[in-house]
Amino acid sequence: MSNVLILGANGSIARYAIDMFLNNTDAQLTLYLRNSRRLKDMDSNRVRVIEGDVLNLEQLKEAMMGKDVVYANLAGDLEKYAKNIVEAMDTTGVKRLIFIGSMGIYDEVPGEKYGSVLEPYRKSVAIIEASDLDYTILRPAWFTNKNEIDYETTQKGESFKGYEVSRKSVADLVVKLAVTPELEVRRSLGVNKPE
Ligand SMILES: NC(=O)c1ccc[n+]([C@@H]2O[C@H](COP(=O)([O-])OP(=O)(O)OC[C@H]3O[C@@H](n4cnc5c(N)ncnc54)[C@H](OP(=O)(O)O)[C@@H]3O)[C@@H](O)[C@H]2O)c1
(Lines give C-alpha, C1' and ligand atoms only; values in the text may rest on other atoms or scores of the structure.)
Protein backbone atom coordinates (compact mmCIF):
# COMPACT_ATOMS: atom_id res chain seq x y z
CA MET A 1 0.00 0.00 0.00
CA SER A 2 1.46 3.33 -1.10
CA ASN A 3 1.37 6.45 0.99
CA VAL A 4 1.16 9.32 -1.51
CA LEU A 5 1.56 13.05 -0.88
CA ILE A 6 -0.11 15.18 -3.58
CA LEU A 7 1.18 18.75 -3.83
CA GLY A 8 -1.24 21.12 -5.55
CA ALA A 9 -4.09 18.69 -4.99
CA ASN A 10 -6.71 20.96 -6.52
CA GLY A 11 -4.88 21.09 -9.86
CA SER A 12 -6.75 19.86 -12.91
CA ILE A 13 -4.68 16.68 -13.35
CA ALA A 14 -4.52 16.02 -9.62
CA ARG A 15 -8.32 15.99 -9.34
CA TYR A 16 -8.55 13.21 -11.95
CA ALA A 17 -5.68 11.35 -10.30
CA ILE A 18 -7.31 11.48 -6.85
CA ASP A 19 -10.45 9.81 -8.22
CA MET A 20 -8.33 7.14 -9.90
CA PHE A 21 -6.24 6.50 -6.79
CA LEU A 22 -9.41 6.02 -4.77
CA ASN A 23 -11.22 3.88 -7.35
CA ASN A 24 -8.35 1.75 -8.68
CA THR A 25 -5.73 1.44 -5.90
CA ASP A 26 -5.52 1.07 -2.15
CA ALA A 27 -3.15 4.05 -1.79
CA GLN A 28 -3.42 6.39 1.17
CA LEU A 29 -3.54 10.01 0.03
CA THR A 30 -2.39 13.20 1.71
CA LEU A 31 -3.70 16.21 -0.20
CA TYR A 32 -1.56 19.32 0.24
CA LEU A 33 -3.08 22.52 -1.06
CA ARG A 34 -3.33 26.22 -0.34
CA ASN A 35 -7.09 26.38 0.06
CA SER A 36 -8.85 23.24 1.21
CA ARG A 37 -12.32 24.78 0.72
CA ARG A 38 -11.78 24.36 -3.00
CA LEU A 39 -11.80 20.56 -2.67
CA LYS A 40 -14.98 18.66 -3.29
CA ASP A 41 -16.16 16.53 -0.39
CA MET A 42 -14.32 13.23 -0.29
CA ASP A 43 -15.93 10.57 1.75
CA SER A 44 -12.90 8.35 2.23
CA ASN A 45 -10.92 7.29 5.25
CA ARG A 46 -7.92 7.02 2.90
CA VAL A 47 -7.69 10.80 2.43
CA ARG A 48 -6.08 13.36 4.70
CA VAL A 49 -6.00 17.05 3.84
CA ILE A 50 -3.28 19.54 4.75
CA GLU A 51 -3.75 23.22 4.03
CA GLY A 52 -0.29 24.37 3.12
CA ASP A 53 1.97 26.21 0.71
CA VAL A 54 4.92 24.56 -1.03
CA LEU A 55 6.91 27.69 -0.20
CA ASN A 56 6.63 26.78 3.49
CA LEU A 57 9.59 24.43 3.76
CA GLU A 58 9.01 23.33 7.35
CA GLN A 59 5.37 22.49 6.71
CA LEU A 60 6.36 20.66 3.54
CA LYS A 61 8.91 18.54 5.42
CA GLU A 62 6.33 17.68 8.03
CA ALA A 63 3.85 16.62 5.34
CA MET A 64 6.47 14.35 3.76
CA MET A 65 7.19 12.33 6.89
CA GLY A 66 6.37 8.67 6.33
CA LYS A 67 5.34 9.06 2.67
CA ASP A 68 6.44 6.67 -0.09
CA VAL A 69 5.73 8.95 -3.04
CA VAL A 70 5.47 12.68 -3.67
CA TYR A 71 3.38 13.73 -6.67
CA ALA A 72 3.87 17.41 -7.54
CA ASN A 73 1.10 18.93 -9.63
CA LEU A 74 2.07 22.59 -9.45
CA ALA A 75 2.05 25.76 -11.50
CA GLY A 76 3.73 29.07 -10.66
CA ASP A 77 7.22 29.63 -9.27
CA LEU A 78 8.33 26.12 -10.18
CA GLU A 79 12.03 26.76 -9.65
CA LYS A 80 11.47 27.64 -5.99
CA TYR A 81 8.97 24.83 -5.60
CA ALA A 82 11.42 22.28 -7.02
CA LYS A 83 14.19 23.47 -4.67
CA ASN A 84 11.91 23.10 -1.66
CA ILE A 85 10.61 19.70 -2.76
CA VAL A 86 14.12 18.30 -3.27
CA GLU A 87 15.31 19.72 0.06
CA ALA A 88 12.28 18.40 1.95
CA MET A 89 12.60 14.97 0.33
CA ASP A 90 16.32 14.80 1.08
CA THR A 91 15.67 15.73 4.72
CA THR A 92 12.84 13.28 5.22
CA GLY A 93 14.36 10.44 3.17
CA VAL A 94 11.47 10.12 0.69
CA LYS A 95 12.95 9.06 -2.65
CA ARG A 96 10.15 8.74 -5.20
CA LEU A 97 8.95 11.90 -6.97
CA ILE A 98 6.50 12.32 -9.82
CA PHE A 99 6.68 15.85 -11.20
CA ILE A 100 4.47 17.39 -13.87
CA GLY A 101 6.45 19.60 -16.25
CA SER A 102 5.67 20.47 -19.83
CA MET A 103 6.49 19.43 -23.36
CA GLY A 104 9.05 21.62 -25.08
CA ILE A 105 11.57 22.09 -22.26
CA TYR A 106 14.37 20.35 -24.17
CA ASP A 107 13.29 21.88 -27.52
CA GLU A 108 12.14 18.38 -28.35
CA VAL A 109 8.91 19.32 -30.14
CA PRO A 110 9.52 19.25 -33.90
CA GLY A 111 9.00 22.70 -35.46
CA GLU A 112 8.32 24.46 -32.11
CA LYS A 113 10.44 26.77 -29.97
CA TYR A 114 8.53 27.77 -26.84
CA GLY A 115 11.18 30.17 -25.51
CA SER A 116 10.99 31.93 -22.17
CA VAL A 117 7.46 30.83 -21.14
CA LEU A 118 8.98 27.46 -20.37
CA GLU A 119 11.88 28.82 -18.28
CA PRO A 120 10.24 27.90 -14.93
CA TYR A 121 9.71 24.36 -16.24
CA ARG A 122 13.28 24.07 -17.55
CA LYS A 123 14.78 25.33 -14.31
CA SER A 124 12.64 23.16 -12.06
CA VAL A 125 13.30 20.06 -14.12
CA ALA A 126 17.06 20.76 -14.09
CA ILE A 127 16.95 20.92 -10.27
CA ILE A 128 15.15 17.59 -10.06
CA GLU A 129 17.44 15.92 -12.59
CA ALA A 130 20.46 17.06 -10.57
CA SER A 131 19.05 15.46 -7.40
CA ASP A 132 19.57 11.84 -6.44
CA LEU A 133 15.83 11.26 -6.10
CA ASP A 134 13.96 8.47 -7.89
CA TYR A 135 12.10 10.95 -10.03
CA THR A 136 9.83 10.60 -13.03
CA ILE A 137 9.20 13.88 -14.82
CA LEU A 138 6.19 14.07 -17.12
CA ARG A 139 6.17 16.42 -20.10
CA PRO A 140 2.58 16.35 -21.30
CA ALA A 141 1.23 17.78 -24.56
CA TRP A 142 -1.67 20.29 -24.51
CA PHE A 143 -4.38 19.04 -22.18
CA THR A 144 -7.87 18.16 -23.34
CA ASN A 145 -10.91 17.21 -21.25
CA LYS A 146 -11.72 14.23 -23.48
CA ASN A 147 -13.10 11.29 -21.59
CA GLU A 148 -10.44 8.86 -22.79
CA ILE A 149 -7.28 7.15 -21.65
CA ASP A 150 -5.14 7.05 -24.75
CA TYR A 151 -1.47 7.95 -24.60
CA GLU A 152 2.07 7.01 -25.47
CA THR A 153 5.35 8.23 -24.05
CA THR A 154 8.70 9.33 -25.43
CA GLN A 155 12.00 9.39 -23.56
CA LYS A 156 14.32 12.34 -23.07
CA GLY A 157 16.46 12.64 -26.21
CA GLU A 158 13.62 11.50 -28.48
CA SER A 159 11.46 13.86 -30.53
CA PHE A 160 8.09 14.64 -29.00
CA LYS A 161 5.12 13.06 -30.76
CA GLY A 162 1.60 14.44 -31.18
CA TYR A 163 0.25 17.70 -29.79
CA GLU A 164 -2.52 16.88 -27.27
CA VAL A 165 -3.32 14.48 -24.45
CA SER A 166 -6.35 14.10 -22.19
CA ARG A 167 -6.07 15.07 -18.54
CA LYS A 168 -7.42 11.64 -17.74
CA SER A 169 -4.50 10.02 -19.59
CA VAL A 170 -1.89 12.00 -17.68
CA ALA A 171 -3.63 11.12 -14.41
CA ASP A 172 -3.65 7.44 -15.39
CA LEU A 173 0.11 7.52 -15.91
CA VAL A 174 0.66 9.36 -12.61
CA VAL A 175 -1.28 6.70 -10.71
CA LYS A 176 0.59 3.84 -12.41
CA LEU A 177 3.93 5.45 -11.58
CA ALA A 178 2.92 6.13 -8.00
CA VAL A 179 1.99 2.51 -7.26
CA THR A 180 4.87 0.94 -9.25
CA PRO A 181 8.09 2.03 -7.54
CA GLU A 182 10.49 0.76 -10.23
CA LEU A 183 8.60 2.19 -13.24
CA GLU A 184 10.45 4.82 -15.34
CA VAL A 185 12.74 5.83 -12.47
CA ARG A 186 15.08 8.77 -13.25
CA ARG A 187 13.32 9.31 -16.55
CA SER A 188 11.69 12.32 -18.17
CA LEU A 189 8.75 11.27 -20.31
CA GLY A 190 6.91 13.08 -23.08
CA VAL A 191 3.21 12.17 -22.90
CA ASN A 192 0.91 12.49 -25.92
CA LYS A 193 -2.11 11.02 -27.61
CA PRO A 194 -0.97 8.76 -30.46
CA GLU A 195 -1.83 10.20 -33.89
N1 LIG B 1 -2.68 23.26 -19.90
C2 LIG B 1 -1.90 22.52 -20.65
O3 LIG B 1 -2.23 22.17 -21.80
C4 LIG B 1 -0.60 22.01 -20.09
C5 LIG B 1 0.22 21.21 -20.88
C6 LIG B 1 1.41 20.70 -20.33
C7 LIG B 1 1.76 21.02 -19.03
N8 LIG B 1 0.95 21.83 -18.28
C9 LIG B 1 1.39 22.10 -16.90
O10 LIG B 1 1.12 20.97 -16.11
C11 LIG B 1 1.05 21.35 -14.73
C12 LIG B 1 -0.16 20.73 -14.09
O13 LIG B 1 -1.32 21.19 -14.76
P14 LIG B 1 -2.73 21.39 -14.05
O15 LIG B 1 -3.69 21.82 -15.12
O16 LIG B 1 -3.04 20.22 -13.22
O17 LIG B 1 -2.38 22.65 -13.13
P18 LIG B 1 -3.38 23.64 -12.37
O19 LIG B 1 -4.78 23.20 -12.51
O20 LIG B 1 -2.99 25.03 -12.78
O21 LIG B 1 -2.95 23.38 -10.85
C22 LIG B 1 -1.75 23.83 -10.31
C23 LIG B 1 -1.95 23.82 -8.80
O24 LIG B 1 -0.74 24.26 -8.18
C25 LIG B 1 -1.13 24.83 -6.97
N26 LIG B 1 -0.08 25.69 -6.43
C27 LIG B 1 0.57 26.69 -7.04
N28 LIG B 1 1.47 27.23 -6.20
C29 LIG B 1 1.38 26.54 -5.03
C30 LIG B 1 2.04 26.64 -3.78
N31 LIG B 1 2.99 27.57 -3.56
N32 LIG B 1 1.71 25.77 -2.80
C33 LIG B 1 0.75 24.84 -2.99
N34 LIG B 1 0.07 24.70 -4.16
C35 LIG B 1 0.38 25.55 -5.15
C36 LIG B 1 -2.36 25.66 -7.33
O37 LIG B 1 -3.07 25.86 -6.15
P38 LIG B 1 -4.16 27.01 -5.94
O39 LIG B 1 -5.45 26.31 -6.27
O40 LIG B 1 -4.02 27.37 -4.52
O41 LIG B 1 -3.83 28.13 -6.89
C42 LIG B 1 -3.06 24.76 -8.33
O43 LIG B 1 -4.09 23.98 -7.74
C44 LIG B 1 1.03 22.87 -14.73
O45 LIG B 1 2.31 23.36 -14.41
C46 LIG B 1 0.66 23.20 -16.16
O47 LIG B 1 1.09 24.47 -16.58
C48 LIG B 1 -0.21 22.34 -18.79
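Okay, a definition to get going: I call a residue near a molecule if one of its heavy atoms lies within 4 Å of that molecule. By that rule, 22 residues surround our ligand, and the closest are Ser12, Arg38, Asp53, Leu74 and Tyr121.

Quick housekeeping. What you see above is a predicted model, so to speak of a local feature I need pLDDT of at least 70, side-chain atom pairs count only at pLDDT 80 or more, and totals for chains, interfaces and linings use all residues. Residues are numbered from 1 along each chain as its sequence is written, and side-chain values use heavy atoms, with hydrogens and water left out.

Tyr121 has a side-chain N or O atom 2.5 Å from an oxygen of the ligand. Ser12 does something along those lines, with a side-chain N or O atom 2.6 Å from a ligand oxygen. With Asp53, a polar side-chain atom lies 2.7 Å from a ligand nitrogen. As for cover, the ligand on its own has 920 Å² of accessible area (Shrake-Rupley method, 1.4 Å probe), and the protein covers 81% of that.

What kinds of residue make up the shell around the ligand? Eleven are nonpolar, eight polar and three charged, with Tyr counted as nonpolar and Gly as polar. Helix 1, residues 12–24, and strand 7, residues 142–144, each supply at least two of the shell residues. Helices here are DSSP runs of H or I with at least four residues, and strands are runs of E with at least two.

So where does the ligand sit? In the largest pocket. A pocket is an open set of points on a 1 Å grid over the protein atoms alone, with protein on both sides within 12 Å along at least five of seven lines, and lining residues have an atom within 4 Å of a point.

Helix 1, strand 2 (28–33) and strand 7 each give at least two lining residues.

Technical notes. A polar contact is a pair of N or O atoms within 3.5 Å; within protein, one must be able to donate a hydrogen and the other to accept it, and residues adjacent in sequence count only if both atoms are side-chain atoms. On a 1 Å grid over the protein atoms alone, a cavity is a set of points where a 1.4 Å probe fits but cannot get out, and a pocket is an open set with protein on both sides within 12 Å along at least five of seven lines; lining residues have an atom within 4 Å of a point. A molecule sits in a cavity or pocket if more than half of its atoms lie within 2 Å of its grid points.
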